[in-house]
Amino acid sequence: MPTPNEIEIRGLHKSFGDNEVLRGIDLDVAAGEVVCVIGPSGSGKSTLLRCVNLLEEPTRGQVFVGGTEVTDLDVDIDAVRRRIGMVFQQFNLFPHVTVTENLTLPQRRVLGRAKAHAAKVAGENLERVGLADKADAYPAQLSGGQQQRVAIARALAMGPEVMLFDEPTSALDPELVGDVLAVMRMLAAEGMTMMVVTHEMSFAREVADRVVFMDGGRIVEEGPAAQVVGDPQHERTRHFLTRVL
Ligand code: ADP
Ligand code: MG
């Protein structure tokens with residue numbers, strides 16, 4: 001039996017006023033697959049991710065997550081979002097509470113977990129990202145790379161079936177990028193379904209099952225990383241890669 005698709009995107013369009021940002025995106029992500037999305041600034045990569053978890057409402061088209069049409073007007077948006085973890089370039093931690101509380105508060109508010117249960121799950125996920133010793137620290141006391149790993153742990157603590165990453169290492173000093181990529185590599189190896197917008201071509205080559213190159217709101221080229229990054233077929237892809245590699 002073929003692997004079921006965890007994410008299916010059909011004829012997705014998104015406009016902001018007159019600006020048509022997504023111009024018909026069709027994309028499937030199989031369960032356990034890692035898809036890296038690359039492309040120039042303004043090509044619609046963030047908007048694409050944000051349409052998957054309905055942070056943006058698509059203008060037209062359909063998005064399915066785990067077989068549920070999230071673009072169905074009757075869908076319970078909160079229930080959908082609980083199944084999708086998202087990590088942003090800016091880590092968006094709650095600055096005034098500890099690392100542990102950053103992980104427990106969403107579990108308690110959104111999932112209604114009891115305090116002890118939430119704390120246990122928080123501890124397990126801090127352990128996974130290698131930050132168990134920072135449980136009582138405040139975000140400002142951590143490096144950018146550590147803050148991003150907390151943000152990943154916070155998303156994981158919600159038990160998502162899909163993880164969306166929007167340039168998770170772009171705001172980091174170069175020496176801090178590796179630890180964050182290592183956590184993402186671990187998740188990929190564990191079989192997490194992931195869509196990753198990134199400029200880290202070495203990560204894409206090493207971890208992605210598939211690379212998608214976007215330009216002007218369309219998918220220009222997609223395929224295995226070795227093909228899209230190593231031997232691009234389209235001039236626009238080649239031009240983009242000469243600038244980021
Ligand atoms: P990328 O992530 O590839 O850099 P984005 O998806 O962020 O691209 O943006 C694509 C285009 O959509 C840009 O022209 C941007 O200005 C526009 N855009 C994104 N979000 C909004 C918004 N909330 N309101 C208006 N325009 C937006
Ligand atoms: Mg973006």
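Predicted model: local features only at pLDDT ≥ 70, side-chain atom pairs only at ≥ 80, totals over all residues.
Glycine 85 stands opposite methionine 163 in strand β7, where helices (H or I, at least four residues) and strands (E, at least two) are DSSP runs numbered from the N terminus. Residues are numbered from 1 along each chain as its sequence is written, chains are lettered from A and ligands numbered from 1 in the order in which they are written, and side-chain values use heavy atoms, without hydrogens and water.

Strand β6 (residues 84–87) is joined to β7 by four bridges, and the two run parallel; two strands pair if DSSP finds at least two bridges between them. Five bridges connect β7 to strand β8 (residues 193–197), again in parallel, and here methionine 163 stands opposite methionine 194. Together, β7, helix α6 (residues 174–189) and β8 make a right-handed β-α-β unit; a crossover is right-handed if, with the strands pointing away from the viewer, the path from the first strand over the helix to the second runs clockwise.

Five of the five residues of β7 (residues 162–166) are buried, so the strand is largely enclosed by the rest of the structure. Buried denotes under 20% relative accessible area, exposed over 50%, and partly exposed in between (1.4 Å probe, protein chains only). In a regular strand the side chains alternate between the two faces of the sheet. Accordingly, Val162, Leu164 and Asp166 point one way from β7, and Met163 and Phe165 the other way. In the loop between β7 and α6 lies glutamate 167, with a positive phi near 45° although the residue is other than glycine. Glutamate 167 is buried, its relative accessible area being 14%.

A further sheet is open and consists of four strands in the order β2-β1-β4-β5, with antiparallel pairing. Its edge strands, β2 and β5 (68–69), each pair on one side only. Strand β1 (residues 5–16) and strand β4 (residues 60–65) are paired over five bridges, and arginine 60 in β4 is the bridge partner of histidine 13. The loop between β5 and α2 (77–82) contains threonine 71, which is buried at a relative accessible area of 18%. The side chains of threonine 71 and glutamate 69 are joined by a polar contact of 2.9 Å. A polar contact is a pair of N or O atoms within 3.5 Å; within protein, one must be able to donate a hydrogen and the other to accept it, and residues adjacent in sequence count only if both atoms are side-chain atoms.

The shell around ligand 1 includes Phe16, Pro40, Ser43 and Glu56, a residue being near the ligand if one of its heavy atoms lies within 4 Å. β2 (19–30) and α1 (45–52) each supply at least two residues of this shell, and α1 gives the most, with three residues. Oxygen atoms of ligand 1 lie 2.7 Å from a backbone N or O atom of glycine 42, 2.8 Å from a polar side-chain atom of lysine 45 and 3.5 Å from a polar side-chain atom of asparagine 19. Taken alone, ligand 1 exposes 560 Å², of which the protein buries 59%; accessible areas come from the Shrake-Rupley method with a 1.4 Å probe, and for residues only the protein chains shown count as cover.
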